[in-house]
Amino acid sequence: MAQADTDITVVLSEDLDLVEPCMATRSNIGRVVMQNISETLTELDVRGDAGLMPRLAESWEDLGDGSWRFNLRQGVTFSDGSAFDANDVKHSFDRVFSDQITCESARYFADTELTFSVVDDNTIDVKAEPAQPILPLLMSLVTIVPSETPMEFVRDPIGTGPYALSEWTAGQQIVLTRRDDYWGEQPAVTSATYVFRSEPAVRAGMVAAGEADIAPQISEEVADNRDTDFTYPNSETVYLRIDHSVEPMGDIRVRQALNHAIEREAFIGTVLAEGTELATAIVPPTTLGWNPELEPPAYDRDKARELLAAAEADGVNVKAPVEVIARTENFPHVTEVGEAIVQMLNEVGFNASLRMVEVAEHEQYYSKPYPEGRNAQLIMAQHDNSRGDPVFSAYFKYHSDGTQSGISDPKVDELIESATAATGEERAALWSELFAYVQQDIVADALLFHMVGHSRVGTHLDFRPSIATNSQLQLAEIGFK
């Protein structure tokens, strides 16, 4: 247990390989870094209905022609004592898009080119080409670092947030300590120690025993205490990414057969929690442009066999090896889900196998460049979009140039580019059309589930987990009873 009444211990499901601020959109890193160590210019209120809120930018205005002016907060310092100014903003974005470093947050900007012009220390203009009507929202994805930060991953992140990294012992623990010189209101939590345990029951048990204060990711089976356990939509969508360029997945009948072979409803209430929903898009229902007319593919083994037989009759090698590649500890019972899917695929005539891999290896298959000479691979992954707009998902999941795309389709590219540049009802309609097209017309992937999350919180804390907890855990939101 933490030594002081205002110190807490957080137990996470997997060890951190990085504490790099530009990778903070990855959930495991974000729960430690995002808005705790490093802050963004804007912040989306995903807990309530406040919308886009100021953070390091106090205000912003549309100058027209794709340009926006951001008025920066004054009197802010980094944890190393240096002053925050517009040059730090410019450097942070230059770093994200540099070819010398591979930053996760870069993928959310698709093919948008940003030009930063420092007006003065407290003002910066950003021009987007093509124009981005939601550019201020995109500013909530890039954490700001000092202009002296090198173009390489750092082990000692320096940020403007309310906490500083005081210890990182790889494989053991990370400690954040509250800053006395933070520009904003002082949080109640004075320090947070993050430890790592892979088993959900162990994580939950540590909170129950007083060895930890929060376990932000436990399973339904151990979430059995009404006083400490919370269940909520967690904004994650589980799916199988299909690479259309590798036989036999280039044939739409094979992709249709794959979808018909999976009995999605059988997972809910058995290996997956009650409240899990069947997915019809890569984003959750709370997202702009959600298409309510879409339905999950019907479970129909006979239809799957017929489709494979028709494809084989036309010379498609439907017996070519197919690997389902899943990440260990990606979500509760991920191994069981993978094993069941492989069995379902093989029952209709696929030659499928399961490979469980760690985070780093999974990323090699999930993001481009994909390995040469590979067999067909179905990458099982969770995608998080809690930010209300498909622009954070569509480009890198489906565009021909998208980092994690398995397709190359001109109409998809056109729809994504048109929706990204549109506003209002037109924007929503274009996203809705895209969701229908990728699911019904080209069967881009095998969408599976919209997940729910479970967390355990000590009874002495004043904190309620929500959809936001999936991607970040802001210590400043935690109080004491």
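The model is predicted: local features need pLDDT of at least 70, side-chain atom pairs count only at pLDDT 80 or more, and totals for chains, interfaces and linings use all residues. Residues are numbered from 1 along each chain as its sequence is written, and side-chain values use heavy atoms, with hydrogens and water left out.

**Exercise 1.** Determine where Asn330 lies and whether Asn330 is buried or exposed.

*Solution.* Asn330 sits in the loop between β14 (321-327) and α7 (334-348); helices (H or I, at least four residues) and strands (E, at least two) are DSSP runs, numbered from the N terminus. Its relative accessibility is 7%, so Asn330 counts as buried (under 20% relative accessible area; exposed is over 50%, partly exposed in between; 1.4 Å probe, protein chains only). Beyond neighbours within four places in sequence, Asn330 is in contact with Gln217, Ala381 and Gln382 (heavy atoms within 4.5 Å).

**Exercise 2.** Compare the span of α11 (residues 424-441) with expectation, and state what covers its buried residues.

*Solution.* From first C-alpha to last, the 18 residues reach 25 Å, close to the expected 26 Å (1.5 Å times one less than the number of residues). Buried residues of α11 include Trp431 and Phe435. Their cover includes α9 (394-398), α10 (410-421) and β17 (445-457).
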